[in-house]
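Hi,

Here is the structure I said I would pass on to you.

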Amino acid sequence: MSVTPYTVGKNAATGLSLRERAVGGLRQRPVPTLLEGPHENVSFAELLKRHRGRSGLTQQQLADFATLSVRAIRDLESGRVRRPRRESVGLLADALRLGDPERLQLHAAGGSPADLRVAPLELPAPSAPPALPEPPAPPGTLVGREAELQVLLDQVTVYGHRLVSVVGISGIGKTHLVLEAAQALRAKGWRVGWHASVGDPLCCGAIPAAGSGSGGPLPGAADPTDALVGAIGERHELLVIDGGDASGPGRVDVGELLRRCPGLRVVVTGLTPRYLPGERVLPLTAMAVPEEARDYDYARLSEVESVALFLSHMRRSRPGFRLREDNAHAVVRLCRWLDGVPRALEYAAGWCLVYPPELLLARAGRDSSLLSSPAGCGCQDLLRSLARSVDIVAECYRQVLAEVADRPHWTVGDLDHLVPDPAAALHALLVHGLVRPAGAHLPERFTALQLVRLLYARDRAPARAARAG
């Protein structure tokens with residue numbers, strides 16, 4: 001039985017009212033079970049129709065709650081499918097909110113193995129795998145990523161993709177985006193688990209949900225993939241893995257996880273795609289920056305994504321800050337200089353407690369410490385983090401990036417002499433978030449991030465000093 005995109009989309013969109021109606025119906029009119037009355041042979045089809053009728057659900061509503069297709073429900077109730085999959089029976093029992101006796105009876109009618117008919121409450125407590133933590137609360141309001149959030153939600157719900165990778169450089173806002181998506185899906189009734197790879201702490205300021213723990217490896221887990229499979233079972237519909245490209249023994253084998261949990265969907269963040277079959281990649285790029293102008297409409301300027309985010313951070317420490325004639329040009333140039341990278345804008349806004357935007361802009365090209373947090377959080381500074389994104393790119397593409405980093409802008413044709421397939425090189429650099437379109441005024445032209453230029457300038461400085469000496 002397959003989950004169609006239409007069915008998943010309806011499930012995400014129906015809300016809780018139908019579910020509440022189903023719960024209310026079950027509580028008011030409990031379904032009699034074979035365990036309570038005389039023994040009789042009841043087929044799975046008849047038993048399912050009986051439970052659905054008592055619950056007051058239509059076939060479409062039951063399909064929505066169980067994340068199955070309407071055709072699957074019809075086949076089951078008509079008797080065309082006599083031995084349904086155990087996972088499907090479990091989803092139906094969850095959707096109908098059956099108690100333990102009714103659930104076991106439904107499994108028995110569907111031909112589940114005898115050892116699966118033992119009531120869960122009779123299992124010894126130590127054998128139950130630890131539950132996955134819930135996603136932490138997002139670190140504040142999401143600014144300027146509404147379109148990306150909707151694309152991510154549609155990939156999971158409307159189109160039903162099982163693996164969506166949100167990729168981009170460190171500090172581009174991947175974690176914040178997936179936390180917002182997880183919060184939206186949980187509000188619609190989805191069961192969402194959270195796993196953060198070791199060595200990738202939440203940043204900056206994400207608040208763990210009550211009782212959720214850190215989201216790292218489960219206690220006593222030798223293999224994180226095995227531990228996640230045991231903890232997921234049929235209790236989670238979506239797993240969010242933050243920092244999924246972490247290396248070492250704590251790395252999760254996402255392909256194996258999806259194979260062993262056929263009803264699971266996974267959203268993973270990382271510097272690079274996983275390159276797995278069926279993967280959908282959402283590259284998270286720099287936010288829109290304002291164009292240079294002689295005069296600005298301050299109302300319209302504050303609606304530009306990067307400026308809106310910069311102002312939201314500024315007003316945390318300087319609540320009375322407003323765009324004016326004497327500071328607007330400095331704010332615009334800061335946002336452009338930082339390429340609209342969310343964490344860079346956050347750091348710059350934090351330093352504005354010490355330096356006004358005009359003075360911060362004057363120091364920006366000379367003081368690389370301004371690219372790290374003034375609060376001294378545990379994150380690496382932006383240039384060190386960016387170096388990881390550059391190192392993970394194929395060597396031939398790194399050579400292209402080094403060649404074009406100092407150019408104001410260039411076209412894909414300018415790469416012909418650098419690499420055999422210039423379009424593939426440009427695509428890889430765009431997906432990794434190291435280059436971006438130059439702007440609407442320069443169609444079909446691209447430019448490297450300012451942070452990339454600063455990284456190469458820093459790396460070249462010792463060589464220049466050695467030659468000078």
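**What I found**

Cys335 is buried, since its relative accessible area is 0% (buried means under 20% relative accessible area, exposed over 50%, partly exposed in between, using a 1.4 Å probe and protein chains only). Before going on, keep in mind that this is a predicted model, where local features need pLDDT of at least 70, side-chain atom pairs count only at pLDDT 80 or more, and totals for chains, interfaces and linings use all residues. Residues are numbered from 1 along each chain as its sequence is written, and side-chain values use heavy atoms, with hydrogens and water left out.

Back to the cysteines. How far is the sulfur of Cys335 from the closest cysteine sulfur? That partner sits in Cys352, 9.8 Å away, which is too far for a bond. A disulfide is a pair of cysteine sulfur atoms within 2.5 Å, and the structure holds zero of them. Cys396 counts as partly exposed, because its relative accessibility is 35%.

Now the overall picture. The protein has 20 helices and seven strands (DSSP runs numbered from the N terminus: helices are H or I with at least four residues, strands are E with at least two). Of its 469 residues, 49% are buried. Among contacts with a separation of 6 or more, 74% are between residues 24 or more positions apart; contact means heavy atoms within 4.5 Å.

Helix 3 (residues 44–55) packs with helix 6 (residues 86–96) at an angle of about 25°, and their axes are 10 Å apart. Axes here are lines fitted to C-alpha atoms, for helices over the stretch in contact, and angles run from 0 to 180 degrees between N-to-C directions. The two helices are therefore roughly parallel to each other (angles under 35 degrees; over 145 is roughly antiparallel, 65 to 115 roughly perpendicular and the rest oblique). On the helix 3 side, Phe44, Leu48, His51, Arg52 and Ser55 meet Val89, Leu92 and Leu96 of helix 6. Sorted by class, that contact has five nonpolar, two polar and one charged residues (Ala, Val, Leu, Ile, Met, Phe, Trp, Tyr, Cys and Pro are nonpolar, Asp, Glu, Lys and Arg charged, and the others, Gly among them, polar).

Ala95 also lies in helix 6, and with 4% relative accessibility it counts as buried. Leaving out residues up to four places away in sequence, Ala95 touches Leu62, Phe65 and Ala66. Ala95 and Leu62 are 33 residues apart along the chain, yet their C-alpha atoms are separated by 6.7 Å.

Cheers
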